[in-house]
Every structure is written in structure tokens, then in C-alpha cells.
Amino acid sequence: MNALSRRRGACPALSAPMETGDGLLVRLVPADGIFAPRALVGLAHAAQAFGNGILEVTARGSLQIRGLTDEGIGPLNDAVTALGLVPREGLAIDASPLAGIDAMEIADARALAREIGAAVAAASLLPRLGPKVSVVIDGGGACPLDASKADVRLLAVRSEAGVAWRVALAGDAAGARPLGAWRAREAVAAVVDLLTRVAALGRAARMDDVLRGEATPFASVDPTLLAGPAASSFPDPHPQTREGADASAERALSASAPKTRPGPLHLHPLADGTLARGIGLPFGALEAGSFIALIEAAEAAGAREIRLAPGRALLAVGLTRNGAARLEQAATALGLLTEATDPRGFIAACPGAPACASGRLAARALAPQVARALAPLLDGSFEVHVSGCAKGCAHPAPAALTLVGRETAPATGLPSLDSPTLDFPIALVREGKADGAAQATLSPAALVPILTRLAAPGRHPGETGAQALSRLFAQAFLERSA
Ligand code: SF4
């Protein structure tokens, strides 16, 4: 491996580690999405031996080891092979973490992922697609993939005619553009067709670029391909191009969507009568010793496998109710997240200084204090991002509130919530990314007291945390300028 074969910003798979401010980073997703508990213990030892000894689970549910050197990559590869892990290759397809075993799922997302992976390979698309192009497949089960962005996303829905896959483009569940719904065979063909359009624009292209270039979205798609034999049973795939279809398509698409889904940090019934228990890693990271203790506690509780889940969590699979209770106790003792309401679950933080050379802020060390300070508002209606620098590794998308270490004051004339003359001020960005325009600056010493004071009044009855945040910030700035 040499530096030329690495790319900043590309998916840092084991075969192509990415350079970061704290050395090389590798991301590991097993081809079948399943880790044997012993394999995870082995990986934790490898992280201690060759990396910085911290294991991370990302917001999309991938395992990361960072702080690696060039010399450490070969031995890490050997360790992964010896542990019997087969990393995912080819197109990045994220399937529901409990796919195939979830008692609540509508369809097995992993089975569809295999079909799509094979069809994309057969169409020779892989060399023509960029490394960031991704597909998300949500089987409609207990752990939604709503927050994971993708070029193409599929969600299992029920219709009178059986199971269909709703296809949407370029975004997360809330922002992606709906296209239509098809049975599995036609959905696979549709995904290949859509990715062929991305590939035709070059390796830097994403689905957004395809959408921008379509005057009438997908009017030119071969109707026999996208409509398929299920066209009479499922919503029209071209609501904009077929008169009279809009209302029925809309009805079918919305009425059949999965309703309330608990998310990973719960106890989940599985199809075989056993249970899966989700445990969250605070800010997505855990030191190897604690990680090993967690996995051994899961093993002792009867877990036969571990799956990683979006939202920086892992799921211990195959438990009895007693085993799940024992694991929960062990996780609590390790300071991990067992409740979906834990305020730490709504904060993303990178390692920051001093672990990362680019860090201007001790982001991960500050994050627990930020969680405590903002706890009265953190109800899951918004996310906070604590970032060591403007690169924003932990949360590339905009967040409601971003606290970012910057080398210099971002601009003159900005309101400072305390002293304005600091070497490394913290910039406060509202509804933006870590490199977005700052609305105010803060000193590291003043950050926690100011956030605590700001959030203390809490929410009004009926108000969400996001609404209260907006109100309290507006009030704070008003008071400063008065
Ligand atoms: S965002 Fe954090 S991890 Fe990424 S380069 Fe900056 S300090 Fe390092």
C-alpha cells in the first residue's frame, strides 16, 4: 500500500485505507454483515496492536480502526484473514442490520442486497462507479435506515398484492426523491438501470448529478424495464408521466410504509424465538479493553453473533430474556448506551485533539459535557455535532447545532458569547456543516457553562427540543445585543 493508492474522502475499506489527521483509517463491513463474537475480540486486540486502540462504530454501522501506520496495514490484513472475516467488496450496499432474522421485517433486505450486488457486477458497472456511490435497503424491520443517505434507497412495503420495494433517489428517508415501488425482480432491474445512468456520467458522478440532468425525471426510462409485470399491482413508477396515477400511487406508497419502529437500542424479538439487544457506543467509540469486556459479556449472555447497526450501535443476537438483562447490566456498568433516550445518542463527535493532528478542539472529550449541558433539549428531534476541525468527519451532513474548533476567529463582527480574542475559538454553526458560516464564537472554557445556562429553561409543554433550541438561541442573542 502506498500513499498514491489512497484517497482522502474515499470509502476507507481495508484494501484502501484513508489518510486522516491521526494516521490511517480502515473501515470494515463483513460481506454478510455478521461478526462472530470471537472475531470482534480479535479485532479489538488488532486495534491495540496496530492502531490507536479505539474501536469505532459509525453512524452507518461500520466498524472503524484508526491511528494505523503504513507498517500496521499488512499485519491488520493478516489478522482479519486469520479471524475468518470476509470484508464486503464491490458496491456499498447497506442492508437492515437484523435482515433475515427480524420478527418485525417485511422482507429480507440482505437477500435483495445479494441480488443487487450480483446484478451490478454482471452489468460490469463497478469499475465505472465512484467509491462513494451507495445503495440502502431497508427491510421495514425494527431498525430503520432512515438517516443513512444513499444514491438509491429501497424500503420494503406491503401492498394488497404482496411485498414491494419502494425506490427513492439521492438522500436520506426524508429527503430522497420517491420514484415508485416494484416487486423484487423489477426493483433489482430498476437499481441497475439507475446506477447505469450514474456510471454514464463518470466516476465522480452521484445520483444527484443524474437528477440535475433530467428535465423530466426519468421520462426516458424503458417502461418495460421499470413497469415490469407487476405494473398492474403496484403503484405507477412514473406518477408524473401517467395521468390519473398520482393519487393511487401516493395512496399505495404511504399507506403501506412501516409504521413505528423502535431503532437499535431496544430488545428485539427474532423470528427463531430468541432476542437481539442493542447497545450504543458513546459517540461511536470505545477503547479496546472496554470493547472486549462488552463482547465477552454478550458471549456470556448467550449471543451467537454480533451485528452492527446504524446509530453507532451493535446488536447481540440470540439471547434469552435473562441473558439480555445480564448484558444490559454489563453495558450500563461500562458506561454504554442502553436507552434510545440517552442524550449522548444525539451527539456526533470526532476524536479531535490531541488524537487527530488536525484537531483544534478536544471534540470527543468535550462531547459528554455537551450532552449533559444540553440534556434538557436533547429529545431526538435534532442532532449536535462536536467537531475537532472544519473537516467535520463525524457528521458530514448539516446538523442543527455544530460546535467546531477553528484555527482563527472565523470572521470579525460575529457575536461572541464570551471573550472574542482566543487562539482557537469554537465556532457555533446553526443548521450547517462544520465548515459552514459561524453565527457566534465561544472559548473552550466557556462552552459548557454557556450551553448549560442556555438549555436550563428546557422545553415548553408540547415543544420539541429543536423548537426550544431555536427559541433559546434567539433569546440568548437578543440578550447579548440588548
Ligand atoms: S474533523 Fe476531527 S477527525 Fe476529522 S480531521 Fe478534523 S479533528 Fe480530525
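Two residues are taken to be in contact when they have heavy atoms within 4.5 Å of each other. With that cut-off, and leaving aside neighbours within four places in sequence, Leu 125 is in contact with Val 120, Val 192, Leu 195, Thr 196 and Ala 199. The structure is a predicted model, in which local features need pLDDT of at least 70 and side-chain atom pairs count only at pLDDT 80 or more, while totals for chains, interfaces and linings use all residues. Residues are numbered from 1 along each chain as its sequence is written, and side-chain values use heavy atoms, with hydrogens and water left out.

Leu 125 is found in the loop between α3 and β6 (134–138); helices (H or I, at least four residues) and strands (E, at least two) are DSSP runs, numbered from the N terminus. The relative accessible area of Leu 125 is 0%, so this residue is buried (buried means under 20% relative accessible area, exposed over 50%, partly exposed in between, with a 1.4 Å probe and protein chains only). Leu 125 and Ala 200 are 75 residues apart in sequence, with a C-alpha to C-alpha separation of 9.6 Å. Val 26 sits in strand β2 (residues 23–28) and counts as buried because its relative accessibility is 2%.

For the chain as a whole, the secondary structure comes to 12 helices and 19 strands. Of the 482 residues in the protein chain, 52% are buried. Among contacts between residues at least 6 apart in sequence, 62% join residues at least 24 apart. The chain exposes about 20,300 Å², of which carbon and sulfur atoms supply 55%; these areas come from the Shrake-Rupley method with a 1.4 Å probe, and for residues only the protein chains shown count as cover.

Next come the pockets. Rolling a probe the size of a water molecule over the atoms shows where empty space is left. On a 1 Å grid over the protein atoms alone, a pocket is an open set of points where a 1.4 Å probe fits, with protein on both sides within 12 Å along at least five of seven lines; lining residues have an atom within 4 Å of a point. Grid points are joined across faces, edges and corners, and a volume is the space filled by probe spheres set on the points. The second largest pocket holds about 560 Å³ of space. Its lining has 28 residues, and the closest to its centre are Pro 30, Ala 31, Arg 88, Ile 93 and Arg 110. Two or more lining residues come from each of β5 (92–95) and α3 (109–122), and α3 gives the most, with 5 residues. By class, the lining has 16 nonpolar, 5 polar and 7 charged residues (Ala, Val, Leu, Ile, Met, Phe, Trp, Tyr, Cys and Pro count as nonpolar, Asp, Glu, Lys and Arg as charged, and the others, Gly among them, as polar). This pocket lies between domain 1 (3–89 + 263–340) and domain 2 (105–255), because both give residues to its lining; the domain bounds come from an automatic or database domain assignment.

Arg 312, in the loop between β13 (305–309) and β14 (313–319), has a positive phi near 60° although it is not glycine. Arg 312 counts as buried, because its relative accessibility is 8%. Glu 431, in strand β18 (residues 426–432), also is not a glycine and has a positive phi of about 50°. With 56% relative accessibility, Glu 431 counts as exposed. The peptide bond from Ala 353 to Pro 354 is cis, with omega near 0°, and Pro 354 lies in the loop between β15 (347–349) and α10 (363–374).
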